[in-house]
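This briefing walks through one protein chain, topic by topic, for a reader who is new to looking at structures. Please keep the sequence and the 3D view side by side while reading.

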Amino acid sequence: MAEPGVVEPDADRRWRLRHLPVLLAASAALAAVAAVVGGVTGGATAALGAAAGVGVTVLSYTLTTVVLARADQINPQLLLPLGLGLYVLKFSLLGVVMVAVASTGWPGLVPLCLGIVAGVAVWTAVHIWWLTTVHARQPRA
């Protein structure tokens with residue numbers, strides 16, 4: 001039996017992904033705002049680049065969240081190697097993609113980069129908010 005306030009490892013298997021809908025909704029709103037700002041400041045190419053940048057961040061963070069949640073269900077000892085492996089894979093792919101895009105001279109590169117930065121900032125801020133407010137209030141079994 002666990003100590004009071006401590007959740008048994010498999011008492012609630014869904015907790016690992018409960019925050020995802022809130023993060024995805026915030027990211028969708030950000031992508032819309034990024035597209036509008038990009039469109040107003042730099043036209044259609046900037047709108048596409050900014051929205052795509054947010055999308056890159058969302059795809060990356062969602063992949064990590066789902067893979068690590070599943071790994072935690074299977075065996076918590078998988079978290080470190082999978083987390084590090086995903087980190088290396090994602091940043092390697094991001095580097096290759098960014099170099100490839102930069103080599104084309106596409107004018108949406110700067111808005112793409114700004115969209116990635118905005119996506120990281122909003123995802124992180126909303127995740128912190130969720131953990132400190134919503135998750136902190138949930139009753140423990």
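Predicted model: local features only at pLDDT ≥ 70, side-chain atom pairs only at ≥ 80, totals over all residues.

Leaving aside neighbours within four places in sequence, His19 is in contact with Thr65, His127 and Trp130. His19 itself sits in the segment before H1, and it counts as buried because its relative accessible area is 8%, where buried means under 20%.

**The chain as a whole**

- The secondary structure of the protein chain consists of three helices and zero strands, and, read from the N terminus on, the elements follow the order α-α-α.
- The helices are H1, which covers residues 20-74, H2, which covers residues 79-104, and H3, which covers residues 109-137.
- The protein chain has 141 residues, and buried residues make up 27% of them.

**The largest nonpolar core**

- Which residues make up the largest nonpolar core? There are 10 residues in all, namely Leu20, Leu23, Leu30, Ala31, Ala34, Ala50, Val54, Val58, Trp123 and Val126.
- Helix H1 and helix H3 each supply at least two residues of this core, and H1 gives the most to it, with eight residues.
- Ala50, one of the residues of this core, touches Ala34, Pro111, Leu112 and Gly115 when residues up to four places away in sequence are not counted.

**The largest pocket**

- The largest pocket holds about 770 Å³ of space, and of the 31 residues that line it, the closest to its centre are Leu59, Ser60, Tyr61, Thr64 and Lys90.
- H1, H2 and H3 each supply at least two residues of the lining of this pocket, while the largest share, 12 residues, comes from H2.
- Sorted by class, the lining of the largest pocket has 21 nonpolar residues, seven polar residues and three charged residues.

**The salt bridge**

- Side chains of opposite charge can pair when their charged atoms come close.
- How many salt bridges does the count come to? The count comes to one salt bridge, in which the side chains of Arg16 and Asp72 meet at 2.8 Å, N to O.
- This pair links distant parts of the chain, since Arg16 lies in the segment before H1 and Asp72 lies in helix H1, 56 residues apart.
- Are the two partners buried or exposed? Arg16 counts as buried because its relative accessibility is 8%, and Asp72 is also buried, with a relative accessible area of 15%.

- Val22 has its place in helix H1, and it is partly exposed, with a relative accessible area of 31%.
- Not counting residues up to four places away in sequence, Val22 touches Val126, Trp129 and Trp130; Val22 and Trp130 are 108 residues apart in sequence and 8.1 Å apart in space, C-alpha to C-alpha.
- Val37 is likewise found in helix H1, and it counts as partly exposed because its relative accessibility is 45%, a value that falls between the limits of 20% for buried and 50% for exposed.
- Val37 and Ala50 are 13 residues apart in sequence, and they are 8.3 Å apart in space, C-alpha to C-alpha.
- Leu114 belongs to helix H3, and it counts as exposed because its relative accessibility is 55%, where exposed means over 50%.
- Leu114 and Ala34 are 80 residues apart in sequence, and the distance between them in space is 8.9 Å, C-alpha to C-alpha.

Notes: Residues numbered from 1 in each chain as written. Heavy atoms only, no water. Core = buried A, V, L, I, M, F, W, Y, C linked by side-chain atoms within 4.5 Å. Buried < 20%, exposed > 50% of the residue type's maximum accessible area, 1.4 Å probe, protein only. Helix = DSSP H or I, 4+ residues; strand = E, 2+ residues; numbered from the N terminus. Contact = heavy atoms within 4.5 Å. 1 Å grid on protein atoms, 1.4 Å probe; cavity = no way out; pocket = protein on both sides within 12 Å on 5 of 7 lines; lining within 4 Å. Points joined across faces, edges and corners; volume = space filled by probe spheres on them. Nonpolar A, V, L, I, M, F, W, Y, C, P; charged D, E, K, R; others polar. Salt bridge = Lys/Arg side-chain N within 4 Å of Asp/Glu carboxyl O.
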